Amino acid sequence: MIGHSRHPTHRGAKTGSPRLLRVVLPVLATVAIVAPLGWLWQASRVPAVYSVMEMGYLDYGGGAVSNPGGGGHGGHMEGHGPGHDMAPSRLVTDMVADPARPADVRVELVTRQQMLSVGGQSVPGFTVNGTSPGPEIRARQGQLVEVQLRNESVTDGVTLHWHGVDVPNAMDGVAGVTQDAVPVGGSFTYRFVAEQVGSYWYHSHQVSNPQVAGGLLGSLVVTPRAGIAQQVDVSAVAHTYGGVRTINGNAEDLRVPARPAQRVRVRVSNTDNGPMKIWTTGSYRLLAVDGTEVHQPTEVTGRSVTLTAGARADLEVKAPSDGAAVRVQLSKATAVIIGPPGADTAVPPQPADELDLLSYGTPAALGFDPAQATRQFDYRIGRRPGFVKGRPGMWWSINGHLYPNVPMYVVREGDVAVVHIDNRSGEVHPMHLHGHHVVVLARNGVAATGSPWWVDSLNVLADQTYDIAFVADNPGIWMDHCHNLKHAAQGMIAHLMYDGVDTPYRIAGPADNQPE
Amino acid sequence: MRTAYKVLAYLVAAEVAVQAIVMVWGIAGLGKWVDGGGVLDKAVFEEAMGSGGMPFPEFAGLLVHGINGMFVVPLIALVLLIVSFFTKVRGAIKWAAIVFALVVAQGQIGFLGHEFPLAGALHGLNALVLFGTAFYAGRRLRAAAAPAAVEHEQASTATPV
């Protein structure tokens, strides 16, 4: 035990000040590490109740700045009250379809929380009118659609968002922004005029990450007044329940009877959180992207279509004249099989190349001039360590900021806005702007040369940049978020607001609104 | 504090082993599942990561790898660094700092691998470096603490002056 007397603790007693240092320095070093972490943690916490209008900072994109006191941002939550010298502000609840106009299509949707039977498995989920997906809503262009939502048993509450339909803001179905979540026993009536032809879908935007994954969704189709050119029209809603791939809720392939030489329009919706590849036996034409018709689509062979999360693609395939079948593969796992009953064909190999929508189809007028843009925004996506809502992790950032300190993009009605999206986060993001359709101007700096490529859900790969443009023609407060809803729940949510518009709704609060 | 230091350093090394174990377990499960006709794409992957609907049971290995690597290991390494300030052994802070730096680098390289798969290869190599370093950091403390033990000769050489 000789060594024991030479124990290093013995040495500290030589003089007073080194000893003090030996005690103080480690404490200081500890504080130097823990204090910034504590500060970051504290700063990342969100209030128990807050308005999206208070989130982050205003980004005017180089355009006109708000009237002081207008809009209600940054603690001016009571700004729409009387006594303020400012432009009269409007509420999201003012943005509705003509209340006097009777409905042409009337649907009642009842939501329940229950077990689902999928591919022989029982998984917890949600139904709309007893099924998942819920009933498909079909309307003709120009019809007024009225949907009464009744929440029978979804304990977290529900809403319905009309994904891809540029509805009036009050009908957008975002809990805590455009309405309160509908509690068990409650109801809400959505009314909008189906002006846009195409394939859309509806889903809950309350606790949307688990609710959409659990199947609280359905298809919405708006057909042109003159009808469509194809003889067969079928919807294929792709969804994954508890790891089981399905089409229209069935784990089996979807069989679509078609006579030889008939043309079939297949409306594919990707309701999952990641991009999906679609390819066919033989050739196809891509008729529409996110509801909007492609201008002069040509026949495509040996290329797949990438359908990002939340996006839709309308494909035209022809049943072979010899009575054989064709397959439309929705990934390798599931397929739409088209042909005479009982006919099938081998799974076509997955093409190595994909159809590039930047050059597909032929150009047409956009209806506005992006070169005359009055707002220029940046939407830079990154990923960095930090705290969000008090939780540590590797979080998605928008223009370098973590939720809720993200930009609030501000426009005025009539503005033309261009957005530069730059994904430096290392992963793909399906970017979704509510209430507007955006047109792709360029990808990685290469200008679009094909048909106007209008989207509401855009697949932005790692290290890609996109330049997109839209016309600010639908006043309100609109989410601009990642439709990988898990990412949205992790804070990948910004908003687009129109100057002078405010919301009476709050995130959290008595209705427990949680749009992600 | 020395005991805490030792335990934490060894814990980091053990966690690196766990990370390797669960990852290969997960990949093996994936291989078997694909062999049986399973299809893994982004939709299935995101579903499994998000709501826990696991396509095959070994997917849990990938989840554990993520949670461990993002939260548990950095936390242990951070606590080790703080503990090292109070461990009066020469080099304790240095080696704890090296372990911490390697852990931070390991996480960043791992995420980089999502974009550049070659970074994933580096992630595997750096894991070995981290394992060795953490193990050494714990071991040299044992040597430094040895005065309390019988081997007094070794103790005197290792005792800082």
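Residues are numbered from 1 along each chain as its sequence is written, and chains are lettered from A and ligands numbered from 1 in the order in which they are written. As the model is predicted, local features need a pLDDT of at least 70 and side-chain atom pairs count only at pLDDT 80 or more, while totals for chains, interfaces and linings use all residues.

I begin with confidence. The model scores an ipTM of 0.81 and a pTM of 0.89. Over residues 148-161 of chain B, however, the pLDDT is below 50. Beyond near neighbours in sequence, that stretch has 21 contacts in the model; two residues are in contact if their C-beta atoms, placed from the backbone, lie within 7 Å.

I turn now to chain A. Four helices and 38 strands are found in chain A; these are DSSP runs numbered from the N terminus, with helices (H or I) of at least four residues and strands (E) of at least two. The radius of gyration of chain A, taken over C-alpha atoms, is 26 Å, close to the 24 Å that the globule rule gives for 516 residues, so chain A is as compact as a globular protein of that length. That rule is 2.2 Å times the number of residues to the power 0.38. Of the 516 residues in chain A, 51% are buried, meaning that 20 or more other C-beta atoms, placed from the backbone, lie within 10 Å of the residue's own.

How is chain A divided into domains? The assignment, which is automatic or from a database, gives domain 1 (2-44), domain 2 (49-88 + 365-508), domain 3 (93-227) and domain 4 (230-355). The centres of domain 2 and domain 4 of chain A, taken over C-alpha atoms, are separated by 32 Å. Between these two domains of chain A, 17 residues of domain 2 are in contact with 14 residues of domain 4. On the domain 2 side, β33(A) supplies the largest share, three residues.

Let us next consider the strands. In chain A, an open sheet of four strands has the order β5-β4-β7-β9, with mixed pairing; two strands pair if DSSP finds at least two bridges between them. At the edges stand β5 (121-128) and β9 (187-193) of chain A, each with a single partner strand, so one side of each is left without a neighbour in the sheet. Within this sheet, β4 (residues 105-118) and β7 (residues 144-151) of chain A pair in the parallel sense over seven bridges, and L109(A) stands opposite L149(A) in β7(A).

Elsewhere in chain A, strands β16 (residues 276-280) and β20 (residues 303-307) run antiparallel, joined by three bridges. There, I278(A) stands opposite V305(A) in β20(A). Strand β20(A) also pairs in the parallel sense with β24 (residues 353-354) of chain A, over two bridges, and R303(A) stands opposite D353(A).

I close with one residue. Leaving aside residues up to four places away in sequence, V336(A) touches A236(A), I247(A), L254(A), V256(A), V266(A) and V328(A).

How values were computed
pLDDT = per-residue confidence, 0-100. Buried ≥ 20, exposed ≤ 12 C-beta atoms within 10 Å, placed from the backbone.
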